[in-house]
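This briefing is meant to be read with the coordinates open beside the text. Please follow the topics in order, beginning with the chain as a whole and ending with two individual side chains.

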Amino acid sequence: MSAVLNEAPTSAPSSGWADEPAEAAASGAARMKIERETHKLEKRLCREVGKAIVDFNMIEEGDKVMVCMSGGKDSYALLDILLKLKARAPIHFDLVAVNLDQKQPGFPEHVLPEYLASTGVPFHIENEDTYSIVKKLIPEGKTTCSLCSRLRRGILYRVADELGCTKIALGHHRDDILQTLLLNMFFGGKMKSMPPKLVSDDGKHVVIRPLAYVAEKDTTRWAAHRNFPIIPCNLCGSQENLQRKQVGEMLREWEKRFPGRVENMFNALQNVVPSHLLDGSLYDFKSAKATGIASEDGDKAFDKEEFVAPSPSLPGVQVVQLS
């Protein structure tokens, strides 16, 4: 045995000690890259959420913000980023996490309380059997979202009053806002989306969406990095015929084939020109008359605009479309 131990090998083994420094270096480089990308993601999330809060005056000094927690990736990300911003914000505000347990069969009711307790954030679990109401009133095969959201909204407003909350934060992100825009255009005949901030119909509550500038792919990546204990929605998440689901898939396909298109669509929501649409309540077309004075809202609609985009089938070739 000692002879074997003392004998110098004539060649290094292909996958032994001699390979470890190179493997360790490669592994270390990979880890560093992941850490850099994760740090960039965190900075981007904090920057975009912070910008939305400032742009729309979502959170003010002394606010008590109720963060609605569904157990999905977006609400986890919302709470996580708000906690980070709270620690560095120039104003003082409080957070309270609220989950509505709708008594869906198989709902793991221990998951959220255990997670929220680990964060140290104050939280409240509200128990209301809206699941039975929805299943009783909505025929089998029909979508349940409309009734479910109305019931949930009413309960959350009541809880906000009971907890003394001044703002209600929801986890809708940029993609949700665009999906709502397209759904209203396709099926409702309205140019309407989700506002980043709104006052409830009764005038008593302010609802905010701090993730308004955040892409869904970023909340997905952040949830995976943070290893949030995701809870699937058995009530509506499995409805394959949901129009919102189909529109979401269409947006993701567009983003894959035409990078930048979805971002441009979102930017359009912040650059509305009423004089170049058809809504007479937003622009007085009937009274429009020649005044002899130059106007920014004049005949620019007739100018030819060039929209340059790469062709998905011909790399490097640009397609120019004239309006």
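The model is predicted, so local features need pLDDT of at least 70 and side-chain atom pairs count only at pLDDT 80 or more, whereas totals for chains, interfaces and linings use all residues. Residues are numbered from 1 along each chain as its sequence is written, and side-chain values use heavy atoms, with hydrogens and water left out.

**Whole chain**

- The chain contains 10 helices and eight strands, where helices (H or I, at least four residues) and strands (E, at least two) are DSSP runs numbered from the N terminus.
- Of its 323 residues, 34% count as buried, a term that means under 20% relative accessible area, with exposed meaning over 50% and partly exposed in between (1.4 Å probe, protein chains only).
- The accessible surface of the chain is about 20,300 Å², and carbon and sulfur atoms make up 56% of that surface; such areas come from the Shrake-Rupley method with a 1.4 Å probe, and for residues only the protein chains shown count as cover.
- Among contacts (heavy atoms within 4.5 Å) with a separation of 6 or more, 70% are between residues 24 or more positions apart.

**Strands and crossovers**

- Strand E1 (residues 64–68) pairs with strand E2 (residues 94–101) in the parallel sense over five bridges, pairing being assigned if DSSP finds at least two bridges between two strands.
- Within this pairing, valine 65 has leucine 95 of E2 as its bridge partner, and cysteine 68 stands opposite valine 98 in E2.
- E1 also pairs in the parallel sense with strand E4 (residues 167–169), here over three bridges, and methionine 66 has isoleucine 168 of E4 as its bridge partner.
- E2 in turn runs parallel to strand E3 (residues 123–127), to which five bridges join it; in E3, glutamate 126 is the bridge partner of leucine 100 and asparagine 127 that of aspartate 101.
- The chain passes from E2 through helix H4 (residues 111–119) to E3 in a right-handed β-α-β crossover, and E1, H3 and E2 likewise make a right-handed β-α-β unit; right-handed means that, with the strands pointing away from the viewer, the path from the first strand over the helix to the second runs clockwise.
- Four of the five residues of E1 are buried, and E2 is largely enclosed by the rest of the structure because seven of its eight residues are buried.

- Leaving aside neighbours within four places in sequence, valine 67 is in contact with Leu78, Leu79, Leu82, Leu95, Val96, Ala97, Val98 and Ala169.

- Histidine 173, in the loop between E4 and helix H7 (174–188), is buried, with a relative accessible area of 0%.
- Not counting residues up to four places away in sequence, histidine 173 touches Asp74, Leu211, Ala212, Val214, Glu216 and Thr219, and its C-alpha atom is separated by 6.6 Å from that of tyrosine 213, 40 residues apart along the chain.
- A polar atom of the side chain of histidine 173 lies 3.2 Å from the backbone nitrogen of aspartate 175.
- Aspartate 80, which has its place in helix H3, is buried, with a relative accessible area of 5%, and touches Tyr115, Trp222, Arg226 and Phe228 when residues up to four places away in sequence are not counted.

Technical notes: A polar contact is a pair of N or O atoms within 3.5 Å; within protein, one must be able to donate a hydrogen and the other to accept it, and residues adjacent in sequence count only if both atoms are side-chain atoms.
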